[in-house]
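Student: I have a model open and would like to learn how to read it. Could you walk me through it, one feature at a time?

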Amino acid sequence: MKSQTVLNYPNRKLQKAALPVKYFGTKELDALIDSMVATMRLYRGIGLAATQIGLNMQLAVIETKDGPLVMANPRLEKISTSTEDDEEGCLSLPMIYGVVPRAKSLVLHACDQNGTPYTLSAKGLLARVIQHEYDHLRGKLYIDRCIRLTAGSDKAASLGIVVSGP
Ligand code: ZN
């Protein structure tokens, strides 16, 4: 399976809100999703958004214990007000890690690979990854929400990334 090149910060395509996926069930979309999953696995990520490979589409894949979850045109609901802090990284910010507060739980409404709507209640790590990928599709990166870098602060500084604590 052909993998894709992952764009690195500060590529401007990473900071642009994506447009909804309109056509499902096409060979092109199926091949794209397969190659996104292959790319995520190649780089040992647990999620990959289309914006990270330069596509302006509301589409992401997430690794779960039941296999890859396709998240197209997502909407988040019932986002818990209680948050928890944990470390995140991003394939578009290699070698940089930081602590990000995220809602503990949420309900995801999205479409699968075939355009079929589904609803998923998520908490913990899955809720975190969903929020991270959802942010990508709105042109946001975890460093926009990061309260403290845990690794790669020299590299972050060289990229002009400023993290302001709580
Ligand atoms: Zn990311």
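Student: Is His132 buried or exposed?

Tutor: Buried means under 20% relative accessible area, exposed over 50%, and partly exposed in between, with a 1.4 Å probe and protein chains only. His132 has a relative accessible area of 9%, so it is buried. Cys90 counts as buried too, at 9% relative accessibility. Before we go on, this is a predicted model, where local features need pLDDT of at least 70 and side-chain atom pairs count only at pLDDT 80 or more, while totals for chains, interfaces and linings use all residues. Residues are numbered from 1 along each chain as its sequence is written, and side-chain values use heavy atoms, with hydrogens and water left out.

Student: Which protein donors does the zinc ion have?

Tutor: Donors are N, O and S atoms within 2.8 Å of the metal (3.2 Å for Na, K and Ca); water is not among the atoms, so sites may look incomplete. Here the protein donors are Cys90 (SG), His132 (NE2) and His136 (NE2), at 2.1 to 2.3 Å from the zinc ion. Their spacing along the chain reads C-x41-H-x3-H. Cys90 sits in the loop between strand 4 (83-88) and strand 5 (97-103), and His132 in helix 2 (residues 124-137), so the pair ties together parts 42 residues apart in sequence. Helices (H or I, at least four residues) and strands (E, at least two) are DSSP runs, numbered from the N terminus.

Student: In what order do the strands of the five-stranded sheet come?

Tutor: Two strands pair if DSSP finds at least two bridges between them. This open sheet has the order 1-2-3-6-7, with antiparallel pairing. Strand 1 and strand 7 (117-123) stand at the edges with a single partner strand each, so one side of each has no neighbour in the sheet. Strand 6 (residues 105-111) and strand 7 are joined by seven bridges, and Leu108 stands opposite Leu120 in strand 7.

Student: And the other sheet?

Tutor: That open sheet has three strands, in the order 4-5-8, and its pairing is antiparallel. Strand 5 and strand 8 are joined by three bridges, with Gly98 opposite Leu149 in strand 8.

Student: Which residues does Ala50 contact beyond its neighbours within four places in sequence?

Tutor: Contact means heavy atoms within 4.5 Å. With those neighbours left aside, Ala50 is in contact with Met36, Leu55, Met57, Leu59 and Leu137. Ala50 belongs to the loop between strand 1 (47-49) and strand 2 (59-64), and its relative accessible area of 0% makes Ala50 buried.
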